Amino acid sequence: MNAHADKQLPNRSASKVTADAVPEAVSGAVPVTVSPSYAAGRLAQALRTSVLHEDAATRERARSRARKWRQVLAGIGSGSLTIGSRTPVTALPAWVTPEVVTGGFATGSATAGGPLLPYEEEAARLAGVPATRSELFAHFLTEDGLARLWSLLDSGRYEVRVPEEAALATVAWLVRAGDFDAAAELVTVLGPFADRLRFLPRPADRPSPGAGAVHRRTVGEAGVALARRRPHAAVETQREALTVWAPFEDELLAHRLEAGPGTPGPRWQADGAALLARYGSLAAAHTRCTKHLDPKSNAAILRRALEEELAGRVLAPRLAGLLRVAVTSMVAKRGAPGSPGHTRLRRTQAEQAALPSHHALAALVLRRISRLDQGSGTADVDAPLAPVSEGEALETGLPVGAGVPPAIGNSVRAALSAPLEELVARGVVPSAEVLAELVPQLVAAVTADQYADEPLRNLMAGTYRAFRSRRSLLLLNLQHQVRIEELPWLRAVSAHRNADAGAHEQAAEALRRLGELAVSAFPATVLPNPLVRELSQLGRQAELGTPFVEELAADIFMGTFSPKFLVAARIAADLLEGSLYERYYGIDYARLRRMTVAQAADTALRGRPPHSAQEFAELCAERAGTSGLSGRPAANGKVIEQAQILTTHNLATLAHRVRIVPPTGWAALARDCFDTVCRLVNRMAGKPMRSTIKDTAYAWRQMLFHLSLCEEAEREAVLAWIEADIARRPPLVRARLAPAVAGLNLVAAGASFEADGTGADGRARRLLGWSTDGHWMRAVEVPQ
């Protein structure tokens with residue numbers, strides 16, 4: 001079964017969603033309910049961690065999780081929670097931000113609820129009113145309260161961490177703008193929740209970051225990461241061994257070699273007594289390295305023999321034999337102390353031990369960035385990562401010129417504030433998932449630029465950023481997540497947006513820029529759902545008619561798709577008819593066109609869009625060779641994969657409607673995809689994992705799309721390059737990809753697959769990700 005939105009449950013038996021036996025009357029969808037077994041399993045896991053984990057902080061976090069899962073189970077049991085609904089909490093409307101735990105389960109609490117926070121208590125004290133939310137709400141509607149909010153709006157010195165915290169500031173802005181009707185209507189909507197939710201922004205020491213600032217981490221967050229670094233136990237143990245115990249072992253050996261034949265003299269005995277006394281001091285002060293405590297170690301044997309001799313006892317035969325072996329082996333291995341070979345070895349080891357620790361360098365970098373604005377990113381990450389200067393060496397004891405290691409540098413580079421393209425180029429954004437984390441900052445800027453008034457623009461940017469931190473709910477029956485336009489304070493200021501074409505063009509340009517960046521930087525990766533959400537937001541603002549579709553979860557698939565999937569498939573048909581992509585996957589684009597005509601007629605007849613694209617879902621099930629809805633995730637995955645093939649999972653929408661043009665060209669992206677395919681296959685030693693096969697097939701599909709947009713000469717060149725490249729790959733890659741490459745060449749030559757996805761000669765295979773009867777790639781014999 002499937003949530004239409006982006007929430008996915010773990011693919012485990014405890015996460016199953018149970019369907020009722022009575023079918024829904026509309027569109028063939030099935031009403032579903034959520035089993036509490038998943039929540040019960042999570043509660044049990046949290047309880048185990050809260051008792052058994054060795055770390056106190058981890059146990060406390062687990063206790064907090066356990067409390068939330070108890071709330072989930074209690075709410076399901078009492079009927080106050082409806083898991084799977086976009087209004088899961090009976091007493092709260094959809095726009096209220098719910099507290100959500102793993103899997104998209106609402107706990108029943110509101111994120112903006114709970115006890116008053118310190119800033120609210122301080123606001124009540126300054127206002128001279130009782131410290132309750134209802135009294136604060138009433139106060140900030142008075143002349144004094146509005147004046148305070150106007151001051152915050154003008155200074156920009158406030159934060160909005162959950163969307164509700166922007167509500168009262170929006171009321172104040174509307175009053176100052178003279179839009180009293182909208183302000184009164186908003187107060188009426190907020191009033192019933194004034195005693196429970198915080199609608200007040202948080203005062204801040206500095207203005208919030210500019211709406212256009214893009215950074216992965218703030219300087220303060222980078223500092224926290226650096227401050228967490230502690231001395232590495234293994235490294236510090238080795239450092240102690242080289243600087244303390246190796247020199248002491250050399251002294252023991254040199255002292256033994258000085259003994260010579262006969263009874264040692266008084267001076268030798270005095271020096272030996274001093275060595276033993278110093279050993280006691282060293283053992284008490286340096287406790288990391290414990291090798292010297294091993295009675296079988298050479299150093300322990302030398303020390304024990306010295307103790308016996310200084311006590312006036314004759315060495316036992318066994319100890320005398322061990323002593324001879326220890327001395328002989330030590331001299332043979334490293335040479336006698338003071339010899340050229342021994343001296344070179346100890347010098348090299350001393351140089352290694354003198355290298356500054358990562359912990360010390362992290363402390364230096366932390367001191368450097370402490371002078372920067374902690375609440376935003378920084379445009380310069382090179383200066384904090386410069387080698388140790390002479391002045392710093394005098395202050396810290398670190399060697400002049402010592403470089404900052406990459407592990408420390410990465411923490412600071414994550415705070416780089418720059419255009420997204422630069423962040424990708426410098427490796428700060430290593431994946432499409434990380435890109436999706438940053439995009440809300442860009443979209444917030446575009447969204448906010450719709451408002452002419454600067455204080456309102458900053459308030460809306462902060463609201464958008466806070467809204468994007470809202471966790472997705474588990475949704476069933478083709479519902480969609482709450483959209484930012486549904487927030488009452490967003491609706492209240494909608495009349496104050498710029499309605500000119502420039503706003504649409506700006507959104508369209510941002511959408512094109514973001515689409516090109518995502519596809520060019522990560523050509524083999526399916527666009528992650530958080531990124532799809534941001535693309536959809538920009539598409540709505542640009543009014544381009546861009547039906548971006550989410551990746552759906554196989555374990556909660558409901559057997560049908562929303563109407564936008566069919567619209568996306570029609571866009572793909574307009575772009576790809578007659579292409580290599582169409583022939584490879586055997587797509588009947590004429591049938592898809594007939595479906596879109598029927599859907600348009602149905603919409604006109606009903607006066608509204610249909611609830612689902614049932615005929616499209618039937619086509620996907622037919623192509624997958626299943627009956628549609630199934631309790632098996634693998635069978636559902638086959639249907640979902642066919643929907644991804646027909647829609648190209650947003651690539652056609654970006655190329656055809658948004659008109660993205662990759663700077664390096666489509667051929668370069670196809671080559672990158674094939675390289676990714678080979679790297680994924682190379683991980684398949686032994687029995688390939690299903691997830692790796694799925695990712696391989698998805699990257700292969702992206703490659704076929706890019707190839708299909710190449711000019712004929714470019715496409716032929718890439719196909720020839722693939723033939724040459726695969727020959728250089730390891731045997732495992734060549735063997736497992738041979739059927740897929742043969743299938744690609746088969747279709748490129750003008751032939752087609754048989755009904756079962758094989759070539760006429762049986763060697764060529766169509767590469768898909770999901771299978772219910774054992775994937776052919778798992779059966780390929782790999783040469784040893």
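1. Trp 150, once its neighbours within four places in sequence are left aside, is in contact (heavy atoms within 4.5 Å) with Ala 172, Trp 173, Val 175 and Arg 176. The C-alpha atoms of Trp 150 and Arg 176 are 8.1 Å apart in space, although the two residues are 26 apart in sequence. Trp 150 sits in helix α5, residues 143-155, where helices are DSSP runs of H or I of at least four residues, strands are runs of E of at least two, and both are numbered from the N terminus. With a relative accessible area of 25%, Trp 150 is partly exposed; buried means under 20%, exposed over 50% and partly exposed in between, using a 1.4 Å probe and protein chains only.

2. On provenance, this is a predicted model in which local features need pLDDT of at least 70 and side-chain atom pairs count only at pLDDT 80 or more, while totals for chains, interfaces and linings use all residues. Residues are numbered from 1 along each chain as its sequence is written, and side-chain values use heavy atoms, with hydrogens and water left out.

3. Glu 120, in helix α3 (residues 118-127), counts as buried at 2% relative accessibility, and Glu 120 touches Pro 115, Arg 133, Leu 136 and Arg 198 when residues up to four places away in sequence are not counted. Glu 249, in helix α9, is also buried, with a relative accessible area of 18%; leaving aside neighbours within four places in sequence, Glu 249 is in contact with Ala 299, Met 330 and Arg 334.

4. How do α9 and α10 cross, left-handed or right-handed? Two packed helices are described by the angle between their axes and the distance between the axes. The axes of α9 (residues 233-257) and α10 (residues 266-285) come within 11 Å and cross at roughly 165°, the axes being lines fitted to C-alpha atoms over the stretch in contact, with angles running from 0 to 180 degrees between N-to-C directions. That makes α9 roughly antiparallel to α10, given that angles under 35 degrees count as roughly parallel, over 145 as roughly antiparallel, 65 to 115 as roughly perpendicular and the rest as oblique. The crossing is left-handed, a term used if the near helix is turned anticlockwise from the far one by less than a right angle, with clockwise giving right-handed.

5. In this pair, Val 244, Trp 245, Phe 248, Glu 251, Leu 252, His 255 and Arg 256 of α9 meet Trp 268, Asp 271, Gly 272, Leu 275, Arg 278, Tyr 279, Leu 282 and Ala 283 of α10. The contact residues divide into 9 nonpolar, 2 polar and 4 charged, where Ala, Val, Leu, Ile, Met, Phe, Trp, Tyr, Cys and Pro count as nonpolar, Asp, Glu, Lys and Arg as charged, and the others, Gly among them, as polar.

6. Helices α23 (residues 563-576) and α25 (residues 589-606) have axes that come within 9 Å and cross at roughly 135°, and the two are therefore oblique to each other. Their crossing is left-handed. Among the residues making the contact are Leu 566 and Arg 570 of α23 and Leu 592 and Met 595 of α25.

7. The largest nonpolar core has 186 residues, of which Phe 561, Leu 592, Phe 616, Trp 700 and Leu 737 touch the most other members; such a core is a set of buried Ala, Val, Leu, Ile, Met, Phe, Trp, Tyr and Cys residues joined through side-chain atoms within 4.5 Å. A second, separate core of 23 residues includes Trp 245, Leu 319, Ala 326 and Val 327.

8. Glu 543, in the loop between α22 (529-542) and α23, has a positive phi near 55° and is exposed, with a relative accessible area of 59%. Thr 648, in the loop between α27 (633-647) and α28 (651-658), has a positive phi of about 60° although it is not a glycine, and Thr 648 counts as buried at 1% relative accessibility.

9. For the chain as a whole, there are 33 helices and 6 strands, and 50% of the 784 residues count as buried.
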